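Okay, everyone, thanks for coming. Have the model up on your screens, and I'll walk you through a few spots in it.

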Amino acid sequence: PSTLTILGVIMFLRFGQVVGESGIQHAIFIILCAKLITTLTGFSISAVATNTRVEGGGAYFLISRSLGVEFGGAIGIVFFLAQAISVAMYVIGFTEALENLFPALGISSVALGSIVNFVVFVCVFIGAGWTIKMQYGILAILLISLISFFAGALPDATAARAAENMGPGYGGGQSMFTMFALFFPAVTGIMAGVNMSGDLANPGRSIPKGTILAILFTMLIYLGMAWVLGAAVDRDELKTNSFIVADIARWPLAIHAGIFAATLSSALGSMMGAPRILQALAKDRIFPSLNRFARGGGSSDEPRRATILAFLIAQCALMLGDLNAIAPIITMFFMVTYGTINLACFYESVTKNPSYRPSFKLSNRFTALLGTICCVVVMLLLEPLW
């Protein structure tokens, strides 16, 4: 689940622009900085997951039961908003790919995206548990699409073009910071595995191992793609062609299949995950104004009120109609979420709270503090006012 969420819409539709504007060197630096933040946060999440007996309930449940409802409430509300807005990002990506494949649809992007968003909402509202069962198939489609990309791009890669694209070529108000803000949503998704805590036979072992391996595996893919794109495609083409990954692939339809599978599954996953975070938050009665969202429907206690709110938030974000506009917003929400998780782990560790005794040893007060500082510094660099 973590790998599926990480390898998605930004990789297929905006990674070429990141490499074109930043050049190979700066693109690699952006990837490593983003992965440093998610790795440090992954360490903190793993500490939380191994601090107590893990049951169902996902990321919010683990954080609130391990670190207390104060931190749980602060993290939960921002994490809910990040997940809900992410639905819009995935829907916009799906819509862009659909319009590229069928240019004569005769409907505006916002209207088409609204239809897709409503279909995703209806699927989740009536129960979309079937999407979890499809994850192995979706991962296979993603891997085939990546094979198609490398098989088509590698023969065109030259040392001369790599040298031309090695340095940055920022234009039109772009900088390393704007490219980082655009790229960062491509590495979020490390909590997708944590959200399956109730379905794992040994979550205390599986969550740390799966989270760290997903981060490392996807980092290798992004580093390889950055190098190959820079060596195979002219800079101007990278900057202006959102579908360059599909255009240079051996089998372009495989890339479109990968985009459709990744965006639709991620949209459904976020539309399912966000309401459950809000419902769990409401059941803890931390914020009285949210208590109405504690009530579920049906035998499985589906969070239908929270699902309606998540749909409305996604629809508002969807009205922006542009990945480049929505990605920096998502980046800031995830920075707050990850920074607060790291801060909580630092706080619990440095105060020697007797109830905080994680068995995951790679996380300590220093990694948690470094993760917090990285998130705060990046937020200040990206948008000081925010």
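So, Cys 375: buried or exposed? Cys 375 is buried, with a relative accessible area of 1%. Here, buried means under 20% relative accessible area, exposed means over 50%, and partly exposed is in between, using a 1.4 Å probe and protein chains only.

Quick word on where this comes from: this is a predicted model, where local features need pLDDT of at least 70 and side-chain atom pairs count only at pLDDT 80 or more, while totals for chains, interfaces and linings use all residues. Residues are numbered from 1 along each chain as its sequence is written, and side-chain values use heavy atoms, with hydrogens and water left out.

Back to the cysteines. A disulfide is a covalent bond between the sulfur atoms of two cysteines. The rule used here asks for a pair of cysteine sulfur atoms within 2.5 Å, and by that rule the count is zero. Cys 375 is in no disulfide, as the nearest cysteine sulfur, that of Cys 374, is 6.9 Å away. Cys 316, on the other hand, is exposed, at a relative accessible area of 59%.

Now zoom out. How many helices and strands are in the protein chain? There are 17 helices and zero strands. Those are DSSP runs numbered from the N terminus: H or I with at least four residues for helices, E with at least two for strands. The radius of gyration of the protein chain is 20 Å, close to the 21 Å that the globule rule gives for 386 residues, so the chain is as compact as a globular protein of that length. That radius is taken over C-alpha atoms, and the globule rule is 2.2 Å times the number of residues to the power 0.38. Along its principal axes, the C-alpha trace spans about 60 × 45 × 40 Å, and buried residues make up 55% of the 386 residues.

On to the inside. The largest nonpolar core has 126 residues, and Phe 15, Phe 183 and Tyr 222 have the most contacts inside it. Helix 5 (residues 69-101) gives the most to this core, with 16 residues. A nonpolar core, by the way, is a set of buried Ala, Val, Leu, Ile, Met, Phe, Trp, Tyr and Cys residues joined through side-chain atoms within 4.5 Å. Click on Phe 183: not counting residues up to four places away in sequence, its contacts (heavy atoms within 4.5 Å) include Phe 15, Ile 30 and Tyr 222.

Next, rings. The structure holds 14 aromatic pairs. One of them is Phe 118 with Phe 121, a tilted pair at 6.1 Å centre to centre and 45° between the planes. Rings of Phe, Tyr and Trp (its six-membered ring) pair if their centres lie within 6.5 Å; planes under 30 degrees apart are stacked, over 60 edge-to-face, and the rest tilted. These two Phe residues are three residues apart in helix 6 (residues 109-126), so about one helical turn separates them. Phe 118 is partly exposed at 45%, whereas Phe 121 is buried at 11%. Together with Phe 125 and Phe 311, they form one aromatic cluster.

Last stop: Lys 352. This residue has a positive phi of about 55° although it is not a glycine. You'll find Lys 352 in the loop between helix 16 (323-350) and helix 17 (365-382), and at 60% relative accessibility it counts as exposed.
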